[in-house]
Structures are given as C-alpha cells and as structure tokens.
Amino acid sequence: MSMKRKFKLKSGALKVLKILGVIIAICLVVLIVYRMNINTLKELGYSEKAANKILFSSKKAEVVLVGKSKTLNKAFESEEYKEKNFTSYSKIKYHKGQNLIKNINTLIKKGYNNEEINIILAHGTDKDVTTFSKKNKVRYLEEFYSYPFAKIRNYERYVKYMNESREDEETSVIYVNMDLDKENYKNPIKVKEFSYDMLVNKHRVLSSKFIPDQLVKISTKYASEKNLKGNKVAVLSAEKMIDAAKKEGQNLIINSAYRSYKDQAEIVDTYQKLYGDSYIEKYVLRPGFSEHQTGLGFDIGSKDSKIFIESSAYKWMESNCHKFGFIHRFKTTYEDITGIKSEAWHYRYVGKKIAKYCYNNDMSLEEYYARKIDK
Ligand code: ZN
C-alpha cells in the first residue's frame, strides 16, 4: 500500500515536471524569437525602446519595409506616436528637438503634407516649429523657403514686407532677416559673444559690460593719439595694412578704435549738448550699438589729406583693405541697409575670408550675416 502511494506520487510529480519543462521550452523559444526580432530592428537603426513598441503594436513587417528612419524611431519612442501618421513619420526628415513628434502630429492635423512639413522643420528650431504649428495653415511656403536662410518664425514678416515693398521673395527674406522691417533701436537682439564675424548695428546691441577679447594698445606709429586700443588680431592686421600702404606711398593713420560703452555714452552726451537730439539720431550711434565697442572697428585717415574721401589713400583702401581682412563698412550704396550715412573712414576687421567675399560681391556685412552666418 505504501509502496503504491509512493509510486503514484512519483508519477504525478513527473507529469508536473514534464509540463513545466514544456512551458519553459516554449518560453525559451518565444524569448529567442522575440530577441531575434528586436535585434533585426536594432540592426535597422531602431532603439530597444522603439523596437519593443514596434513588436507590441505588430508593426515589424511595415517597419522592415520602411528600413531605417530616425523620425519613425523617435515616434515609436515617443508617447505621442499616432498609428495613422505612421507613413508620414517614415517620410519626414529627422530634426532634433523634444517636441518633434508632437509638432509633426499638429502640422498634419493643420493640413500640411509631408513635403511642407519637411520645409517647416528645416527652417526653424524646435521652439519655432512649436509656435508655428499652432497657427492656421499658411500658403506660399515653397516661395519663401527655397532659400536656406529663410526662417519659419519670420513667415508673417516676409509676407507683410513683400506686400508693402513689392520686392521679390528673396529680397523680402533677406531684408526681414536683417530686421529692416523693424524700427531702429527697437527691441534689439542682444549680442553677447565676441567673434571676428560678429554683427553690431541699430538692431543688434552690446551690453554695457561687453569688452572685446585681447584688447591691446596701438603704437603711436600707427595711431594719431596715445592709448588707442583694439583687438589684438585686428590691430596687427591694421598695422600690416598701414605698412603695406606706406610702401606704395600712402600714409594712413588710425584716428579712432575701441570705444567702451561709457566712451560712447559720453560722445552722445557731448554732441547732444552741442547739436541736439536730431543730430544724435542722424549721426551718432547710441551706446551699445556702435561697432567701435567690438574692438574691431577703426576710423582711418590720411596723414596727407584732411578730406579722406578725396585722398589717394582712400582709393588705396578701397582696392586693398580686403587683402588684410578689412571691409569698408558704411558705403553710400549700403545706406538703406546699415541705416548709417556713408562714412569713408570707418573700416571693420572681419578676417580675410569674409572681407574677400564682401569685396568680390559688393555686399554689406549685414547681408553677409543674414545669408551666411545667422541661423
Ligand atoms: Zn567709426
């Protein structure tokens, strides 16, 4: 009797073990197949998180057909993933930004097609696109955004400028990017970093604390007074230029260079007392808005002539200064852009590459900045 019970128990336990074994085997197979699928997706460029979601939503076959897509990967990683936008995700170029998928969803909802969404994403930051996507659908995207420097956040300004000025799309984009649709000194952009291609003008201001890198004194061999200062690289280039001019019989001299915020404020004050407000508005830049504060702007004169613009030294500068990294900053032909009456004497160091480009294309620094630097 006891023997029989023991045997029965044994056979029962065996049965359980067998079932357990089968279950474990099935689990292992499922796990292996699952891992293989995950690996296939990972090899295609999808993350572990995205791959899991792809498998759970049974989209593996479709994803494999699409192949690698950073946007689709991001969509599957995101809480914002929408099944009905699957094809769009796979066709829209990836852009950095935490709101990418949410923005794509909103833009699709507003009626934009994939091509238009690609245009929008390529011309603005994540934040710009988030703001833009909240507006009603706009027209003429292709007309403005065939230019790489066109910005999505300026869309309304482009349209307004084009309607009012009757200029073409490219001009409207460039002029708005240069802030020429804005009033002088009104809500200026704050310029914080020193660089040789920095732009300071009536729309771009330096703080009272801004001091340029590597300020050095200019020797009186090159300057009309003691204690003139400028950025080291710019000063060395100016000295080289003056030496080169001298060899060709032209006697150049630096009359003014770095001016601090306080210096400019004092100039404004002096001229204001002498000639009044309208003179200031016309001829003197407000503190923070003068290029002299960058340490890269120099007023240059001729030792032999009182009227620089009529001198041979001026002619020499016109054809040679770019070779030393300088540009003639305030030409008559740039007055509409710079908002500053022609100044024959004011030169700006920008480095040889930009100086050469501006010289060859007769382009103001503002326009160069809008086309090539500003993102
Ligand atoms: Zn000047």
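Asp168 sits in the loop that links helix H10 (155-165) to helix H11 (169-177); helices here are DSSP runs of H or I with at least four residues, numbered from the N terminus. The model is a predicted one, so local features need pLDDT of at least 70 and side-chain atom pairs count only at pLDDT 80 or more, while totals for chains, interfaces and linings use all residues. Residues are numbered from 1 along each chain as its sequence is written, and side-chain values use heavy atoms, with hydrogens and water left out.

Asp168 has a relative accessible area of 42%, so Asp168 counts as partly exposed (buried is under 20%, exposed is over 50%, and partly exposed is in between, using a 1.4 Å probe and protein chains only).

Next come the helix pairs. Two packed helices are described by the angle between their axes and the distance between the axes. Helix H6 (residues 100-109) and helix H7 (residues 114-122) have axes that come within 11 Å and cross at roughly 135°; axes are lines fitted to C-alpha atoms over the stretch in contact, with angles from 0 to 180 degrees between N-to-C directions. That makes H6 oblique to H7 (under 35 degrees is roughly parallel, over 145 roughly antiparallel, 65 to 115 roughly perpendicular, and the rest oblique). On the H6 side, Leu100, Ile104, Leu107 and Ile108 make the contact, and on the H7 side Ile117, Ile120 and Leu121 do, where contact means heavy atoms within 4.5 Å. Sorted by class, this contact has seven nonpolar residues, no polar ones and no charged ones (Ala, Val, Leu, Ile, Met, Phe, Trp, Tyr, Cys and Pro are nonpolar, Asp, Glu, Lys and Arg are charged, and the others, Gly among them, are polar).

Helix H17 (residues 352-361) and helix H18 (residues 365-373) also have axes that come within 11 Å, crossing at roughly 110°. H17 and H18 are therefore roughly perpendicular to each other. Here H17 contributes Lys353, Ile354, Tyr357 and Cys358, and H18 contributes Leu365, Tyr368, Lys372 and Ile373. The contact of H17 with H18 holds six nonpolar and two charged residues, but no polar ones.

Finally, there's the zinc ion. Its protein donors, 2.1 Å away, are His292 (NE2), Asp299 (OD) and His346 (ND1); donors are N, O and S atoms within 2.8 Å of the metal (3.2 Å for Na, K and Ca), and sites may look incomplete because water is not among the atoms. Along the chain, the donors are spaced as H-x6-D-x46-H. His292 and Asp299 are both buried.

Terms used:
Helices (H or I, at least four residues) and strands (E, at least two) are DSSP runs, numbered from the N terminus.
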